[in-house]
Amino acid sequence: MKWFRGSGAPRPATAEAGAAGRQARRSTGLTEFTRVLASKEGAAVLDLGPTSPANISFLTGFGGKVCNEDVVHASREPRYFTPREDGTAAIDPEKFFAGNLNHPEHTFDAVLCWDVADFLTEPLVKPLFARLQFMMKPKGILLAFFHTRDAGPDSPCYRFHIVGSDTLEMQRIELRREARRGSTGAVHTAITDGFQLQRVFNNRHIENLFRDFASIKFFLARDNVREVLVVR
């Protein structure tokens with residue numbers, strides 16, 4: 001995990017914003033999230049996506065601190081898997097949460113969950129939200145994105161960069177892996193398309209994930225994504 005601190009007023013997008021290959025996206029959920037966050041003095045924020053300097057700059061500008069834990073990437077680490085009798089390996093939730101999101105009760109005022117639930121392996125999904133509910137302070141807020149069925153099974157996984165209180169830039173995540181040596185003995189590096197969408201939640205499924213939270217609000221975006229803002 002990585003903690004970042006800052007002070008002063010929220011800052012605008014850094015020079016990193018607008019980089020080639022990124023898509024701009026308006027977010028009503030983010031607007032509501034930042035409005036509430038601005039009212040929480042010295043707020044502690046948990047960002048569950050890949051590290052983004054733009055996010056750190058923006059969020060620490062509220063005078064609080066940010067913890068970054070990239071749980072989707074972490075869920076692929078071999079150390080969290082246990083061998084099975086059929087020779088395959090399955091992720092062990094106890095091992096995973098012993099090494100990730102291991103924070104005391106009532107640590108965070110706000111959580112940016114992004115679309116983590118759509119790309120996380122199934123055994124970790126329900127335990128993840130139970131852990132987040134435990135770590136959040138009463139009346140803490142959480143913003144999450146969920147793809148709709150119309151988005152399609154090949155929807156890419158993005159790194160989200162905050163470039164304003166209502167605007168994101170989305171950067172497609174590509175995973176690199178080392179292929180086998182070729183006939184000449186050279187090692188070739190292949191690039192995969194990134195993480196695959198694991199499931200599509202409907203409204204009832206989403207409500208079940210947050211059934212222990214105080215309230216839930218849905219925003220349907222134009223890009224076949226449900227934005228969900230919940231209060232602990």
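The stops below go from the sheet to the cores, then to the aromatic rings and the backbone. The model is a predicted one.

**The sheet**

Begin with a cartoon view and select the strands of the open sheet. Seven strands are involved, and the order to trace is β1-β4-β3-β7-β8-β14-β13, with mixed pairing. At the two edges are β1 (2–5) and β13, each of which pairs on one side only. From one strand to the next, the twist averages 15°.

Now select β3 (residues 44–47) together with β7. These strands pair in the parallel sense over 3 bridges. Within this region, L46 has V111 of β7 as its bridge partner.

**The nonpolar cores**

Hide the cartoon and show side chains. The largest nonpolar core has 40 residues, and those touching the most other members are L48, F129, L132, F146 and F210. Helix α6 (residues 122–135) gives the most to this core, with 6 residues.

Centre the view on L132. Leaving aside residues up to four places away in sequence, L132 touches L46, L48, V111, C113 and L142. L46 and V111 are the bridge partners already visited in the sheet. Another core, of 24 residues, lies apart from the largest one; among its members are A43, W114, I141 and V225. As a general matter, nonpolar side chains in soluble globular proteins tend to be buried together.

**Aromatic pairs**

Next, colour the aromatic residues. The structure holds 11 aromatic pairs. Select W114 and F160: the ring centres are 5.0 Å apart and the planes are at 15°, so this pair is stacked. The pair links distant parts of the chain, with W114 in strand β7 (residues 108–114) and F160 in strand β9 (residues 158–164), 46 residues apart. Both W114 and F160 are buried.

Then select F146 and F210, which form an edge-to-face pair, 6.5 Å centre to centre with 85° between the planes. F146 belongs to strand β8 (residues 136–147), whereas F210 is in the loop between α7 (203–209) and β13 (215–220), so that 64 residues separate them, and this pair too links distant parts of the chain. F146 is buried, with a relative accessible area of 1%, and F210 counts as buried at 4% relative accessibility.

**Charges over rings**

Which ring has R25 over its face? Select F145: R25 lies over the face of this ring, at 4.9 Å from the ring centre. Move to W3, where K65 lies over the ring face, at 4.7 Å from the ring centre.

**Two backbone positions**

The last stops concern the phi angle. Select K139, found in strand β8. Its phi is near 70°, a positive value in a residue other than glycine. Is K139 buried or exposed? Its relative accessibility is 65%, and exposed means over 50%, so K139 counts as exposed.

Finish at N224, in the loop between β13 and β14 (225–231). N224 is likewise not a glycine, and has a positive phi of about 60°. At 29% relative accessibility, N224 counts as partly exposed.

How values were computed: Residues numbered from 1 in each chain as written. Predicted model: local features only at pLDDT ≥ 70, side-chain atom pairs only at ≥ 80, totals over all residues. Heavy atoms only, no water. Phe/Tyr/Trp six-rings, centres within 6.5 Å; stacked < 30°, edge-to-face > 60°. Helix = DSSP H or I, 4+ residues; strand = E, 2+ residues; numbered from the N terminus. Buried < 20%, exposed > 50% of the residue type's maximum accessible area, 1.4 Å probe, protein only. Lys NZ or Arg CZ within 6 Å of the ring centre and 35° of its normal. Core = buried A, V, L, I, M, F, W, Y, C linked by side-chain atoms within 4.5 Å. Contact = heavy atoms within 4.5 Å. Pairing = 2+ DSSP bridges. Axes fitted to C-alpha atoms, helices over the stretch in contact; angles between N-to-C directions.
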